[in-house]
Amino acid sequence: VTVAADLRALLKASRVLDAPAELRTYAYDASFLTQLASRSPDAVVIAASTEDVSAVLRYANRQGIPVTPRGAASGQAAGAVALSGGIVLALNAMNRVLEIDVPNMQVFCEPGVVHAQLNAALAPHGLLFPPDPGSSRMATVGGMASTNAHGMRAVKYGPTSAWVLGLEVVLADGGVIETGSVGSRAKQSSAGLELTKLIVGAEGTLGVVTRLRLKLMSIPPARAIVLGLFDALEQAGQAVQAVFGAGVSPSAIEILDERCIQAINLYRPAMDLPRVEALILFEVDGNLPGVRWDAERICAVIAPFAQRTEWSDEPGRINALWEARSLVGAAVGMLRPGSNRAYCGEDICVPVSKIPEALRAIQDVGARHRIPIATYGHIGGGGLHPGHLIDGRDPDEIQRVLRVADEIHLLALRMGGTTTGEHGVGAARAPYMAQEHGPALEVMRRVKRALDPNNIMNPGVIFDALPLPFEFPLAGPVGEPTGAAIDPG
Amino acid sequence: MLACIRCGLCLTSCPTYVLSLDESEGPRGRVGMARALAEGHLQVTPDLVEHELNCLVCDACTAVCPAGMHMDPLQVVLRAVLESEPPRRTRSVQMLRRLVFGWLFMDLARFRLLVRLLWLYQRLGVRWLARHLGILRLLKLESAELLLPELPGRFVEPHDEVYAPSPVAEDSPSAAFFAGCVMSTALADIDRATIRVLQRAGFELRNPAGQGCCGALHAHGGDLPRALELAKVNIAVFEHHEGPIVVNSAGCGAMLKDYAHHLRLDPEWSARAKAFSTRVRDLSEALADRPIPISHELREKVVLQDACHLLHAQRVRRQPRDLLRRIPGVVLAEIDEAGLCCGSAGVYNVTNPVQSRQLQQRKLDNALAPSPAVVVTTNPGCLLQLKSGLVERRSPVKVKHLAEVLDEATSP
């Protein structure tokens with residue numbers, strides 16, 4: 001009798017997969033690590049209800065079978081892959097927005113709701129769930145909560161954890177709890193340990209989130225954007241410091257390095273950005289007179305450091321400038337035709353004051369290992385996303401990019417930063433946790449053991465690193481990339 | 001396949017993923033399975049074949065992919081490979097495939113003969129008998145039969161005709177017309193409307209003899225060799241005619257534009273295929289910068305049903321909308337989930353009736369939500385798929401090809 005057969009007998013509404021090709025499609029996420037070390041689970045459950053999730057965990061806990069919760073698997077840290085086999089518990093089909101409580105400004109939803117679809121459902125009510133990952137169109141809110149995702153506007157609105165009021169969680173033994181006070185619709189509480197915050201960011205190692213109560217805000221009526229171009233990275237850093245000291249609270253501050261600018265010019269020649277070391281976009285939101293005042297103030301404050309500045313509150317111009325930022329992920333591939341982004345060492349965060357230094361150091365690491373890197377990031381919070389471009393068919397380049405990722409992680413720690421600013425630890429960064437947390441990691445492990453004594457919940461992420469067998473790609477693609485994509489709109 | 005960075009952006013654009021919420025029914029999963037197959041981590045198993053063949057090849061994933069992955073060519077090659085594996089089809093299905101791909105679609109004369117027979121079926125009371133005696137139910141052909149339109153008595157047979165611009169204009173560019181197999185027979189009235197509209201837009205249009213089926217059905221059905229054979233026939237025929245190659249079927253247009261890709265490694269044909277493909281224009285593209293003499297206004301609310309092979313595969317979105325807006329009185333409304341396939345997808349409605357029907361109903365719900373009088377489309381498959389659904393719902397809403405709407409608006 002197989003795990004799948006047991007599960008089929010056990011579950012009411014959920015689907016169970018165990019055919020080989022089907023399992024293979026659950027063997028990876030967006031991380032480079034799982035491109036190299038894909039691992040098919042023994043069974044996949046596409047969950048349909050909290051009851052079924054509870055039944056899966058009761059069964060797995062009794063049998064000692066690992067369970068890995070999964071949203072959209074758009075993560076870049078190998079956090080939603082069954083690296084030691086067992087059951088992948090797919091929650092993406094639990095995707096209902098259950099209730100929008102307009103007067104209390106909160107929403108109840110299932111974990112599989114895609115972020116962009118949640119905000120589309122909220123928009124007619126004038127409401128917004130502000131954390132906004134770049135992966136808005138694929139990431140699920142359950143995944144966002146489990147990784148404590150941040151996004152571009154975290155500099156003003158904070159991470160996902162700031163907007164989660166309560167959770168329904170299925171524990172490793174199948175028990176179901178509600179965090180944030182049972183039946184509560186209060187927007188704040190001081191009642192006891194904040195279990196909500198414990199589960200958020202735990203990457204499914206402590207329990208499975210099956211329902212979320214999220215705090216909302218009104219959609220800001222106006223926004224404006226400021227563009228600053230800087231001849232030297234150091235000036236860009238000084239400009240950001242100056243803005244923070246000037247009584248303005250931007251809703252996003254994004255930096256693109258020279259390579260990113262070059263990539264955008266290759267991808268969209270019409271944008272015709274000048275060749276500078278750094279481009280920064282500041283976004284401010286609020287009411288119209290307020291955003292105008294803010295934008296002018298930012299321009300004035302950064303002018304001494306910038307080669308050029310401009311601002312706009314006109315939607316067309318805002319979109320055109322924002323496009324430069326949103327294109328960059330796709331555009332970096334243009335720097336080296338035939339190459340791919342390798343998502344590893346892609347999410348460090350350093351003190352804001354050390355960003356210019358970090359950007360230069362990242363370029364050095366890339367040059368030393370002969371891997372082109374284009375870096376962009378949320379400079380307001382210190383988050384940096386180095387984009388490494390490699391030929392995925394070349395084993396030597398694969399080895400070199402893994403060394404690059406390692407050095408970037410260590411660089412972040414050396415600078416007083418973290419190996420992951422907003423994507424999560426997963427298996428990709430588990431090897432750095434001892435160095436990052438010191439004795440605190442052992443306390444985390446104690447919490448983990450208390451809630452999951454049989455270690456069935458997503459083993460191999462955060463607390464302990466697993467040895468992963470690589471399956472290096474063989475030569476010879478079947479399909480070929482034939483050029484750049486366009487915006488679907 | 002290596003281009004796929006597995007970011008998952010494609011998931012919510014994929015019709016079969018949206019229906020199933022199962023990774024193996026989404027583009028990232030399909031690319032992953034194909035890559036694992038190529039790299040030896042997977043064998044050809046029934047589940048792999050099923051999930052790959054459930055792909056509509058609508059290219060919605062291609063259109064949103066930030067890494068430049070192209071699903072259509074991947075599916076074409078993959079299906080050819082799967083076809084060469086030990087037979088997984090019943091003998092009768094194999095025979096039917098040989099008949100359809102190897103005989104019927106290889107020569108337009110044979111196709112015309114079939115449509116003529118179907119025309120007789122509709123005219124001679126056989127249909128009435130078949131419907132009432134339950135024969136269709138017996139043969140499980142009920143829904144397929146519903147897709148069959150009222151067939152015209154006269155086809156558009158390409159015989160090197162020259163259609164002069166009307167009225168005669170000083171600026172009259174040459175163009176060559178790709179008549180299509182379904183379009184020139186079962187939907188010949190639309191081909192005629194297309195020709196009239198192009199004439200009125202000032203084109204001197206030729207209808208080259210010897211042209212055939214575009215080969216899209218073969219390519220997507222796993223018969224790449226015959227698709228390439230048809231491609232070469234068409235390339236050779238149209239080399240003798242100047243100007244853009246205008247096509248009114250989005251599915252054919254996408255295939256014609258892909259000849260360059262499919263023949264890129266053939267030293268004899270690659271340059272010729274490239275020259276051919278760069279000349280191909282959808283009707284809406286050909287008309288985009290031409291003056292069109294509008295003579296009638298159309299006081300109706302219309303919605304445009306984007307054909308996947310126009311919107312995603314050819315990236316043509318604005319032109320058909322602009323053309324509709326040129327007609328005075330037209331109120332053009334947008335529909336929700338405009339990029340989601342209607343389930344027609346070549347012969348998908350015959351090969352995958354369950355998913356096809358779910359997508360058809362979803363598309364109709366979305367298309368009818370703004371209460372239009374007319375649903376406009378640019379592809380024969382979509383047209384028939386939507387029409388059969390509306391007939392079933394007894395809806396008074398009409399489905400028209402863009403060419404028909406423009407023909408009415410420009411008729412003298």
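Tutor: Two strands pair if DSSP finds at least two bridges between them. Strands (E, at least two residues) and helices (H or I, at least four) are DSSP runs, numbered from the N terminus. This is a predicted model, in which local features need pLDDT of at least 70. Residues are numbered from 1 along each chain as its sequence is written.

Student: What makes strand S8 (residues 374–377) of chain B and S9(B) a pair?

Tutor: DSSP must find at least two bridges. S8(B) and S9(B) have four bridges, in the parallel sense, and therefore count as paired. In S9(B), Lys398(B) is the bridge partner of Val374(B).

Student: In what order do the strands of this open sheet in chain B stand?

Tutor: The order of the four strands is S7-S6-S8-S9, with parallel pairing. Strands S7 (331–333) and S9 (398–401) of chain B each have a single partner strand, so one side of each is left without a neighbour in the sheet. From one strand to the next, the twist averages 35°.

Student: Which strands of the sheet does helix H22 (residues 380–392) of chain B touch?

Tutor: H22(B) packs on the sheet and touches S8 and S9 of chain B. Contact means heavy atoms within 4.5 Å.

Student: Why is H19(B) called roughly parallel to H23(B)?

Tutor: The axes of helix H19 (residues 318–325) and helix H23 (residues 402–410) of chain B cross at roughly 25° and come within 11 Å. Angles under 35 degrees count as roughly parallel, over 145 as roughly antiparallel, 65 to 115 as roughly perpendicular and the rest as oblique. H19(B) is therefore roughly parallel to H23(B).

Student: Which residues make this contact of H19(B) with H23(B), and what makes them nonpolar?

Tutor: H19(B) contributes Pro320(B), Leu323(B) and Leu324(B), while H23(B) contributes Leu402(B), Val405(B) and Leu406(B). Ala, Val, Leu, Ile, Met, Phe, Trp, Tyr, Cys and Pro count as nonpolar, Asp, Glu, Lys and Arg as charged, and the others, Gly among them, as polar. The contact residues therefore divide into six nonpolar, no polar and no charged.

Student: How do you know that strand S8 (residues 164–170) of chain A is largely enclosed by the rest of the structure?

Tutor: Buried means under 20% relative accessible area, exposed over 50%, partly exposed in between (1.4 Å probe, protein chains only). Seven of the seven residues of S8(A) are buried, so the strand is largely enclosed.

Student: What makes S8(A) and strand S10 (residues 208–215) of chain A a pair?

Tutor: S8(A) and S10(A) pair in the antiparallel sense over six bridges, and Gly166(A) stands opposite Arg213(A) in S10(A).

Note on methods: Chains lettered and ligands numbered in written order. Predicted model: local features only at pLDDT ≥ 70, side-chain atom pairs only at ≥ 80, totals over all residues. Heavy atoms only, no water. Axes fitted to C-alpha atoms, helices over the stretch in contact; angles between N-to-C directions.
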